[in-house]
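Biologist: I am new to this structure. Show it to me, and I will ask how you reach each label.

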Amino acid sequence: MRALPFLYIIFFIPLVVWGQNSPSIRGSVMDEEADQPVSYANVSVYQAGEEAPITGTFTDLEGNFVIDNLNYGTYDLVIEFVGYERYAMENLQLSAENGNISVGSLPLSKSSLELDEVVVQGKKVTQPVETTLEGLTIRPEQNLSNVGGSVLDILKNTPSISVGQDGGVTIRGSGSTNVLINGRNSALSEGLAQIPASAIESIDIVNNPNAKYDAQGTGGVINIKLKQGDESTMGTHGRAEMTLGSRYRLNGSLNLNHQNENFNVFGGYNYRRSPSIGNASSERFILGENPRRIVQDRDIERSDNSHTINYGLDYYFPKSELSYEGVFETENESDTEVTYSRIYDRNNELTVDNIRNNEETEENYTFDNSLIYTRKFDQKDREFSASVSHSYRDNLETQNTLTRPTEVEETYMPLRQRAATDERRHVVTARADYVHPLTNGKLEAGYKTTFRRLDNDYQFENFVDETSSWMVNTDVSNRFLYQEQVHALYGIYSHSFDQVDIALGTRLEQTLVDTRLYNTGEENDQRYLNPFPSVQVLYRLAGDQSLKFTYSRRIDRPGSWHLNPFPDIADSLNIRTGNPDLQPEFIQSLEFGHKAAFAGSDLTTTAFYRRTNNKVDWILTVDDNGVSYRMPDNLLSGTDYGLELIGTSTLASWWDINGSVSLFRSIIDGSNLNQSYTNASFAWNAKLVSDIALPWDLSFQTTANYESPEVEAQGKDYARYFVDMNFQKGLFGGNGSVSLSLRDVFNTFNFGGEANTDDFRSTFLYKRDTRRAYVSLEYSF
């Protein structure tokens, strides 16, 4: 099983083909309406009158293409791209007198139904992952394994990305990313597991962002774009989807929009119910003078219901556009955990044997509002834009626990505890951006300010048997206030030479952070001003190949979850707390990449290096009673470097594949905390999507994922792997489809790891009901 994804991968890595001498056909492709170049359009060459192409290529970033190494003869040229009508030019003559033909600028017009697919010889080629100059663009609807899932399911199937047990997202081994919703900071990013995949239009992954983006995030930027309807043509458009899964999982969505010459109005509703069960086990050996062994088993049951509504309006003026976008989300979640704990002494005799029942409920809602203004000018590519947004999230969580021995007498009074958390989160942003074109270049500048406020009121109570009443535990209860301001200025200068594009930028950010613990009166403030330069270079090679180099300096400020010192009491033997003294990480990031695109295939290869100072990692300590405490702390540094390959290929008229392989080495230095907190290892992951066209408008899709073990400061995470299988049939003349999705077919996906220090050794394993089945019906109109 571990080798299965690797065996798949070798089928999609194409050969790099270097452009040769003439005869040749060259030209460029432009969007007829927007008068902008169309990058990565599919250009195919046919012998005149034949149905199968003999060669082809893709347009580069400026829409240009060159097809070399042709023989003399008569050819047909065909241009195809997502969302555009097919363009054909027939009977091009290549002869000794006319061996190099320039067809000039070829206009592409928008298609009546815009689909993120390319048509090759009558077959739709799925492109769930597209490589760009900045990183990746993900189209969730192109991967059937996302049916009925959430944003986390989409990211789990995305190259470079891993999703952890707690929903944490890592890019190339980095657990810190800047998650945006529709290009803006939003409290919705705190609950990605509640955003249904059916509400997502696309996701952009920016591995090494330039100065225009916030400097926040070690791993880069994840921009989640919600659906806003079909804006390709005038009129009313809609899409409805209903998904039913095992364990009575349910997902339903409806998206509508209406567009005319003056405005576009859109709205969407998504409902998601996702119950699940799971189990966890752990074993911890306490070393030293009083050795013990602690064994725990846990049964978990979860019920989750969420409603998401997004809506908006775009109003068009002669040279400007005013837009409003809003999102409302509400969620209700209930969790039940039963933990069986046993403690054995040095003679392996059982000294403690108890059961702990934990009941949790969570109710929250999020409300986002954004106003965006864009101004165009007579001068091409000159633009001014400004926006203001506010995001509010209210979360109320209750927790009730009851602890008793496994075998009890009738008169035994169990230990009862309860907690309540009332958390309110505000995010306000305002920004202005200006682009001024220059001769063979442009100048970009802008300002952004971000205000964050989190108010977390936590109350912990013990039940007193003598008085049959609840008493507040003032040693644990507290109120935590986190306030952050980030004020930023940036400037980018770009210039295009014959074969080279270069962009130099700098971002200056002033950060002000204030925290307060109300019970103790403890306050913590941080003030720092930092520059964040960026460099981007693109070099176009012969044929359809290019080289790129990027550099950026970044920062990762600790979030409220890392700073909040309130303990999690779900398990009295394993307690998690935050660290209000945590300092930000500072990152230096470099990438060097090569992209080759040709008929039927493309391959992007990227070498990357990342150095992180003040690296944050979770540190586990164990007290004399065997209770473990997990808290984040700053290590000295972390270094990651490696190689990533992402490719797509049409192996046959009925078979497409796309996939990725990431190989990297991680070095962790935590010697500032403990000399033993140093670790290093090699890790890799591979992902593959295979799409096979069957008769009767059927398709069969297989998704395979493998993630090797990765190191932490005190141990490592175990390998994770799974295979999904999906079937889809087109309906209603291509306007709809029915799908069957089988997740984790071999039931192999789980989370596990180990930690080893001079004081203890521990292992854990967590398994959810990941083997699932979904049936989905969708219709577009």
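Biologist: Leaving aside neighbours within four places in sequence, which residues is Leu155 in contact with?

Modeller: This is a predicted model. Leu155 is in contact with Ile161, Val163, Val169, Leu192, Ile203 and Ile222. Contact means heavy atoms within 4.5 Å, so each of these residues has a heavy atom within that distance of Leu155.

Biologist: What makes the set around Leu155 a nonpolar core?

Modeller: A nonpolar core needs buried residues of the listed nonpolar types, joined through side-chain atoms within 4.5 Å. The largest such core here has 24 residues. Leu155 is one of those with the most contacts inside it, along with Leu192, Ile200, Ile203, Ile205, Ile222 and Ile224.

Biologist: What does the second core include?

Modeller: Val38, Ala41, Phe65 and Leu70 are among its 22 residues. This core is separate.

Biologist: Why is Thr604 called buried?

Modeller: Buried means under 20% relative accessible area. Thr604 has 11% relative accessibility, so Thr604 counts as buried.

Biologist: Where is Thr604, and what is it in contact with beyond its neighbours within four places in sequence?

Modeller: Thr604 lies in strand E34 (residues 601-613). Its contacts are Thr131, His594, Lys595, Glu644, Leu645 and Ile646.

Biologist: How do you know that E32 and E36 pair?

Modeller: Pairing takes at least two bridges between the strands. E32 and E36 (residues 628-634) have three bridges, so they pair. The sense is parallel.

Biologist: What makes E32 and E35 edge strands?

Modeller: E32 (574-576) and E35 (616-622) each pair on one side only. They belong to an open sheet of three strands, ordered E32-E36-E35. Its pairing is mixed. From one strand to the next, the twist averages 30°.

Biologist: How do you know that E45 pairs with both E42 and E46?

Modeller: Apply the cut-off of at least two bridges again. E42 (residues 715-717) and E45 (residues 751-756) have three bridges, so they count as a pair. E45 and E46 (residues 760-768) have six bridges, so they count too. The sense is antiparallel for E42 with E45, and antiparallel for E45 with E46.

Biologist: Which residues stand opposite each other there?

Modeller: Lys716 has Glu754 in E45 as its bridge partner. Gly753 stands opposite Phe764 in E46. A hairpin through three residues joins E45 to E46.

Biologist: Why does the radius of gyration agree with a compact globule?

Modeller: For 781 residues, the rule puts a compact globule near 28 Å. The protein has 28 Å, so the two agree. Along its principal axes, the C-alpha trace spans about 100 × 55 × 50 Å.

Biologist: How many helices and strands does the protein have, and what share of its residues is buried?

Modeller: There are three helices and 47 strands. Of the 781 residues, 52% count as buried. The protein exposes about 34,300 Å², and carbon and sulfur atoms supply 53% of that area.

Biologist: What share of the contacts with a separation of 6 or more joins residues 24 or more positions apart?

Modeller: Such residues account for 66% of those contacts.

Methods: Residues are numbered from 1 along each chain as its sequence is written. This is a predicted model: local features need pLDDT of at least 70, side-chain atom pairs count only at pLDDT 80 or more; totals for chains, interfaces and linings use all residues. Side-chain values use heavy atoms; hydrogens and water are left out. Helices (H or I, at least four residues) and strands (E, at least two) are DSSP runs, numbered from the N terminus. Axes are lines fitted to C-alpha atoms, for helices over the stretch in contact, and angles run from 0 to 180 degrees between N-to-C directions. Buried means under 20% relative accessible area, exposed over 50%, partly exposed in between (1.4 Å probe, protein chains only). The radius of gyration is taken over C-alpha atoms; the globule rule is 2.2 Å times the number of residues to the power 0.38. Accessible areas come from the Shrake-Rupley method with a 1.4 Å probe; for residues, only the protein chains shown count as cover.
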